[in-house]
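Subject: Structure for you to look at

Hello,

Here is the structure I promised to pass on. Please open it first, then read my notes beside it.

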Amino acid sequence: MIYSFMCDYSEGAHPVVLKAVADECGKQHGNYGIDECCDKAAALIKNSIHRSDADVHFLPGGTAVNLTVIAHALRPFEAVIAAKTGHIAVHETGAIEASGHKVVTVEGTDGKLTPKEVEDAVLFHTDEHMVRPAMVYISNSTELGTIYTKSELTALRKCCDEHGLLLMLDGARLFCALASVENDLSLADIAALTDCFYIGGTKNGALFGEALVILNDNLKTAFRFSIKQRGHLTAKGFLLGAQFEALFTDMLGLDIARHENKCAAEIANTLKDLDVPFFAPAQTNQLFPILPDVIAEKLGEDFELSIWKKYDASHSVVRLVTSWSTPQWAVDALNEKLTKLCK
């Protein structure tokens, strides 16, 4: 049997989340997110961030959130700044550009943006003959599995304020970032330092769905119109609300993420013991070891994995991802195979 370490959304849903959905299926609900399930989930989220003034919207997926927010927030001639590895720049099929907004990419460090890179991008765009950067987009955890510290996010916020930029945080894997042993950010910190962010369910034990939190009053106006126009106002919105109510009850979402991170940490420790280098620091449930191509090929005989990119003529960066349902036997089997191949 080949076990997949390709991604964290190959399985259905955590049993508690699935039960929460099943419990609502025989009941009648309001439509399009105006229902008791969404109200309860939103209240739990607002309580977690200590912001009763926040607007909470539930959308079906991450690309849906990114496209809807950016298209809603920016004027036609405005652009968004992102790391070159950012999801909106690489894995969204030009969705942002199709909405009429350019993604200005900068190098980034381990998938993270720095204030200097943001400032340089702003200063490069000098006049009306160029797009005007108006938003900064970051991910936490990043597309390379790394996380922002409180000081890093605070510095980005300061830079954005100095240049009149909005700050959006893609939280498709935010639970894993919060559950990282190296994390020093709270949900309340993130709410205080961003204009909007979202909390991912799809990649953290939900069937599907993301919870968008809007803090900036200027972004709140008529946002449901933008959701509908982009095709993401889900008729059976209660299915999203029920899932996030489950994820935020006793912080199940964090427990799920701790399991994901623990499994990844065990694999990372084995790789480190074998002196395998990493393309980016191992901080959450995504690992990026640099392996000889021959070893990556042999690993592929027993495990499904991604080749992230070629590193040199004979090595590749391999992407290994753990999920809410990763069993201990699969972690042990992968570690055993790695030890056999790399020693």
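Start with Cys176, which is buried at a relative accessible area of 1%. Buried means under 20% relative accessible area, exposed means over 50%, and partly exposed is in between, with a 1.4 Å probe and protein chains only. The closest cysteine sulfur to that of Cys176 is in Cys263, 10 Å away, which is too far for a bond.

Two notes on the source. This is a predicted model, where local features need pLDDT of at least 70, side-chain atom pairs count only at pLDDT 80 or more, and totals for chains, interfaces and linings use all residues. Residues are numbered from 1 along each chain as its sequence is written, and side-chain values use heavy atoms, with hydrogens and water left out.

Back to the cysteines. How many disulfides does the structure hold? It holds zero. A disulfide here is a pair of cysteine sulfur atoms within 2.5 Å. Cys38 is in no disulfide, and its nearest cysteine sulfur, that of Cys37, lies 6.8 Å away. Cys38 is buried, with a relative accessible area of 5%.

Next, the charged pairs. Side chains of opposite charge can pair when their charged atoms come close. A salt bridge is a side-chain nitrogen of Lys or Arg within 4 Å of a carboxyl oxygen of Asp or Glu. The search of the whole structure finds 18 of them.

Look at Arg132 and Glu78. Their side chains form a salt bridge, at 2.6 Å from N to O. Arg132 is in strand β5 (residues 132-139) and Glu78 is in strand β3 (residues 78-83), so the pair ties together parts 54 residues apart in sequence. Helices (H or I, at least four residues) and strands (E, at least two) are DSSP runs, numbered from the N terminus. Are the two partners buried or partly exposed? Arg132 counts as partly exposed, at 42% relative accessibility. Glu78 counts as buried, at 8%.

Now go to helix α13 (residues 252-273). Asp255 and Arg258 both lie there, three residues apart, about one turn of the helix. Their side chains meet in a salt bridge of 2.7 Å, N to O. Asp255 is partly exposed at 41%, and Arg258 is partly exposed at 44%. Lys262 and Glu266 are four residues apart in helix α13, so about one helical turn separates them. They form a salt bridge too, with the closest N and O atoms 2.7 Å apart. Lys262 is partly exposed at 45%, and Glu266 is partly exposed at 24%.

Last stop: Asp195. Where does Asp195 sit? Its place is in the loop between α9 (187-193) and β7 (196-200). Asp195 counts as buried, at 10% relative accessibility. A network of salt bridges links Asp195 with Arg157 and Asp161.

A polar contact of 2.9 Å joins its side chain to that of Asn216. Such a contact is a pair of N or O atoms within 3.5 Å; within protein, one must be able to donate a hydrogen and the other to accept it, and residues adjacent in sequence count only if both atoms are side-chain atoms. A polar atom of the Asp195 side chain also lies 2.7 Å from the backbone nitrogen of Leu167. Not counting residues up to four places away in sequence, Asp195 touches several residues, including Leu165, Val213 and Leu219. Contact means heavy atoms within 4.5 Å.

Best wishes
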